[in-house]
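Please brief me on this fold.

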Amino acid sequence: MSKVTSKPGTMLYPVPTVMVSCGDGEKDNIITIGWSGIVNSEPPMTYVSVRKSRFSHHLIQAKKEFVINLVNEDLVKAADFCGVRSGENLDKWKEMNLHREKASIVDVPMIAESPVSLECVVKEVSELGSHDMFLAEIVAVHVDEKYVGENGAFEFERMKLTAYNHGKYYALKREPLGFFGFSVMKPKTAKRKRREEAGKRRQEFRKRTKAKGRPRKKPEL
C-alpha cells in the first residue's frame, strides 16, 4: 500500500459543520464555521477560527461571546448560505427563515431550529495567520426536547446531524459502526449491548406507530 505525498494543507476531514451566532449588542449575525472542535473536557472548552476579514470576526471580538449551533439535514442549505454570504448588509435570519432564541447566559441569540446549541464565552484569542482562533468555555448546553429520551439520554442518532468533507456536506450514518470501548468488550457485555439497542429500536418503533395512528412495517432488529 502506498500514499501520494501532497503539500501541507487542511486535510483533516470530516469536520463538524456549525452555525455560529454572534453579536456586538447592536447587531447579530450567523456565520458558518468549519474550523471548530473540542479541546478540553473539564472545563468544557471549544474553539472557532475566523478570518479577520469576516464580518462576524469583529462581533465575536467585541462581545467575547458566541453560540455554536449544530447543523442537521434540514439546516444544510441555511448553513451553506450563511457561510458564503456576508451579514454586514444582509439579515441572514430573515433570508433563511431562522428564528432567534434567547440564551441563558450569553447575550447572543441561539438558533431555535438547531437541535443543539452551545453557549460559549471567549477566554483567549490567538492570531494564527489566515485565521484568529477564539478559545472559549462552554457555559451552557441546550438540546431540543424532542431528542431527549424517556430516561433523559440525548438521542443524537435521531438528530440527522451533518459533517463537512472536502467541500461537500454529508449526512452522518444512522447506525453506529461501534461505540467507545467496543474493541475490547467482553462477549457477554457485547450481547447485552445488542439486546439494549434492539429494545431501544422496538420502543422507538412503537412510539412512531402510536404517533401515526396506524400499523407500520416492523423494523429489522
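Of the 221 residues in the protein chain, 35% are buried. The model is a predicted one. The protein chain holds 4 helices and 12 strands.

**Overall chain**

- Along the principal axes, the C-alpha atoms of the protein chain fill a box of roughly 55 × 50 × 35 Å.
- Take the contacts in the protein chain with a separation of 6 or more: 57% of them join residues 24 or more positions apart.
- The protein chain has an accessible surface of about 14700 Å². Carbon and sulfur atoms account for 52% of that surface.

**Helix H1**

- Helix H1 covers residues 55–63. Its buried residues are Phe 55, Ser 56, His 57, Leu 59 and Ile 60.
- Those buried residues pack against strands from several parts of the chain, among them E2 (18–23), E3 (28–33) and E5 (45–51).
- Strands E6 (65–70), E9 (116–127) and E10 (131–143) are also packing partners of the buried residues of H1.
- Lys 64 follows H1. The phi of Lys 64 is positive, near 60°.

**The open sheet of E1, E11 and E12**

- Three strands make up an open sheet, ordered E1-E11-E12, with antiparallel pairing.
- Strand E1 (15–16) and strand E12 (168–171) are the edges of the sheet. Each has a single partner strand, so one side of each lacks a neighbour in the sheet.
- E1 and strand E11 (residues 162–165) run antiparallel and are joined by 2 bridges.
- Pro 16 has Ala 163 of E11 as its bridge partner.

**Cysteines**

- How many disulfides does the count give? With sulfur atoms required to lie within 2.5 Å, the count is 0 disulfides.
- Cys 22 is in no disulfide. The nearest cysteine sulfur belongs to Cys 82 and is 10 Å away.
- Is Cys 22 buried or exposed? Cys 22 has a relative accessible area of 0%, so this residue is buried.

Definitions and conventions:
Residues are numbered from 1 along each chain as its sequence is written. This is a predicted model: local features need pLDDT of at least 70, side-chain atom pairs count only at pLDDT 80 or more; totals for chains, interfaces and linings use all residues. Side-chain values use heavy atoms; hydrogens and water are left out. Buried means under 20% relative accessible area, exposed over 50%, partly exposed in between (1.4 Å probe, protein chains only). Contact means heavy atoms within 4.5 Å. Two strands pair if DSSP finds at least two bridges between them. Accessible areas come from the Shrake-Rupley method with a 1.4 Å probe; for residues, only the protein chains shown count as cover.
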